[in-house]
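Student: I have a new model open in my viewer. Could you show me how to read it?

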Amino acid sequence: MRIRGKVLSIVGIMGMVAALITGIGLYVVTEYGHQIQRLDNSSKRALYGESLNRHVTAVVMEARGIYAAANTEKAKQFAEGIMTQLDEIDRVISEWRPLIEAEKLPAFDAMAARAAEFRTFRAETARLGRDIDPVKANEQGNNEANRANRKAFQAEIDTIVAADLENYEVIQGEIAGFEGTMRTLMLVTAGIGILAGTAAALYLGTSQLARPIGKLTLA
């Protein structure tokens with residue numbers, strides 16, 4: 001091999017080491033970003049669930065205002081509050097659904113179906129209180145059967161939120177493990193690559209370049 005080829009071999013070896021380290025670094029950045037996205041989605045799902053629960057509770061409180069109202073005029077503001085909160089429930093569910101993983105969609109859709117039933121029922125409570133008589137609204141909504149149905153609805157929400165929080169903790173653990181593994185991999189790869197590259201460079205530089213040139217100069 002000519003001198004130029006030997007010099008280029010040294011450069012090529014060090015370049016391969018740099019490329020390997022760069023490739024690992026790019027993989028780490030990409031995978032870490034993916035894991036962070038999963039973590040962010042999980043936290044958003046849990047937040048949407050908590051928000052949905054608050055809106056359901058707000059609907060119940062507005063309904064109690066209708067039950068206690070003396071007439072339809074007094075009940076009107078509470079009826080408007082119910083409809084506002086029902087619209088918020090629909091908004092939360094529509095924004096929440098795209099974040100749900102495929103295997104969890106059946107449970108989510110079952111909860112969303114119950115939310116639709118809840119909307120129909122409570123919209124009727126609002127109508128009765130606003131247009132007919134708060135007494136009729138009280139008869140329709142203020143009973144044990146309805147309370148049991150609402151509690152079951154919120155229990156479904158809580159189950160989904162609990163699963164999201166558990167998933168959040170699992171992802172956190174995976175990220176911590178990934179960080180440790182990749183840190184070790186990069187350090188080991190960089191160490192081995194630098195040692196191998198340096199050894200090769202020393203060998204080529206000493207045995208294949210410096211020594212022959214020294215002999216040539218002596219001759």
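**Reading a helical model**

Student: Which residues does Ser42 touch?

Tutor: Contact means heavy atoms within 4.5 Å. Not counting residues up to four places away in sequence, Ser42 touches Asp164, Asn167, Tyr168 and Ile171. Ser42 is found in helix 1 (residues 3-68); helices (H or I, at least four residues) and strands (E, at least two) are DSSP runs, numbered from the N terminus.

Student: What should I know about the model itself?

Tutor: It is a predicted model, where local features need pLDDT of at least 70, side-chain atom pairs count only at pLDDT 80 or more, and totals for chains, interfaces and linings use all residues. Residues are numbered from 1 along each chain as its sequence is written, and side-chain values use heavy atoms, with hydrogens and water left out.

Student: Is Ser42 buried or exposed?

Tutor: Buried means under 20% relative accessible area, exposed over 50%, partly exposed in between (1.4 Å probe, protein chains only). Ser42 counts as buried because its relative accessibility is 0%. Across the 219 residues of the protein, 32% count as buried.

Student: How many helices and strands are there?

Tutor: The protein has 5 helices and 0 strands. Its C-alpha trace spans about 120 × 25 × 25 Å along the principal axes.

Student: Which residues of helix 2 are buried?

Tutor: An α-helix has 3.6 residues a turn, so residues three or four places apart point the same way. In helix 2, the buried residues include Ala75, Ala79, Ile82, Leu86, Ile89 and Ile93.
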